[in-house]
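Dear colleague,

I am handing over the structure we spoke about, and I would be grateful if you could look through it alongside the notes that follow.

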Amino acid sequence: MASGVHTDIITLMGKDVEVKVKSVDQMTLRFFSENPRIYSHLWQDDSIEPTQQQIFEVLSKAEHVRETLVPSIKANGGLIEPLLVRGVTVLEGNSRLAAYRLLAQVDAVKWKSVRIRQLPDDISEADIFSLLGEYHIVGKKDWLPFEQAGYVYRQHKKHGVQEEVLTGQIGLSRKKIRHLISVYQYMIDCDDRTPSRWSYYDELLKGRRFDSAMSAYPDFRKVIVEKIQSGEIERAVDVRDGLPLIIKAGGNTLKRFMSGALSFEKSVADARFRGAGNYNYRKLNDFRQWLVEGQLDDEFRSASDNEKRMMKFEIEKIERRLKGLLSLLEPPSATSSPPKRSGASRSK
């Protein structure tokens, strides 16, 4: 054991765990292959574990490693916070280990040793999960939501930890745990492991906002996923705010959206235009606003004779139609008789 070893205490699940703080040769350490940042980039097949070299290549190219950690470690002459290690596996600090190895490529002697906190060998998997959950899910939350959910998912699916146990280990509600597992599973089923798309699927599966649409259109979610993956739905906030508008508008707007006749953007615009049952009013109001534009009179006056004839024809048609619509809006008279429906009247 290297010189300069001392003990420290970390509190875990309400109990004190003794760790040894010391310096070791950083090349003897291994990256944690189930680290969520590593998992989301390299685990395309759950049965094939990535190599240590593959992990290093991914981490060493990460912007936060090259642009933040390498300069910071170099300026400080070492780590401010030691790596957390069980055996030779770095559970907490994989990015810092990658930064150290980048520095060692330039000066292998100076960056040979790294400070670690050595966990006892008999620490349980449950304790490790709780510890990393406290660091990255409940605490500083530097893992992306997709990565957090993936870690919870693997504990449940791969290691058989029940939802209620996970709840006790990291302090999230059972409902939240179930939702994380459900959304991550859905992304796998959709063959989409893109971390940046987590929020899209999170919104799609959140609550019961889309139940009515799924009842009317059994392939509703499939259509939405296709639009997410194609980029037609550009932002997660569009799933949260825009999609409910289309569903609320319903009718032809939703039908044309689902068939692909209207794009997502145009469907949202159409839904907003329809408003809360005021579609016809808004159409008429929009038409009236156009009619009262100041330059319209000048444009009509300056039109050619042929254009004036065509516009006069259209206006007369509109005038007749508007009179008919206006009559439908008049309150019925108590003494008035029902309109005649004779063949003669229809032929006029």
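A residue is called buried here when its relative accessible area is under 20%, and exposed when that area is over 50%. Please keep in mind that this is a predicted model.

By that cut-off Q155, with a relative accessible area of 7%, is buried. Q155 belongs to helix 6, which covers residues 145–157, and, once residues up to four places away in sequence are set aside, Q155 touches F129, G160, V161 and L166.

In soluble globular proteins, nonpolar side chains tend to be buried together. In this model the largest nonpolar core has 53 residues, of which Y201, L204, F220 and L243 touch the most other members. Helix 8, spanning residues 174–189, supplies the largest share of this core, namely 7 residues.

The last point concerns the loop between helix 8 and helix 9 (198–204), where D191 is found. Most residues other than glycine have a negative phi, whereas D191, although not a glycine, has a positive phi of about 55°. Is D191 buried or exposed? With a relative accessible area of 70%, D191 counts as exposed, because that value is over the 50% cut-off.

With best regards

Conventions: Residues numbered from 1 in each chain as written. Predicted model: local features only at pLDDT ≥ 70, side-chain atom pairs only at ≥ 80, totals over all residues. Heavy atoms only, no water. Core = buried A, V, L, I, M, F, W, Y, C linked by side-chain atoms within 4.5 Å. Buried < 20%, exposed > 50% of the residue type's maximum accessible area, 1.4 Å probe, protein only. Helix = DSSP H or I, 4+ residues; strand = E, 2+ residues; numbered from the N terminus. Contact = heavy atoms within 4.5 Å.
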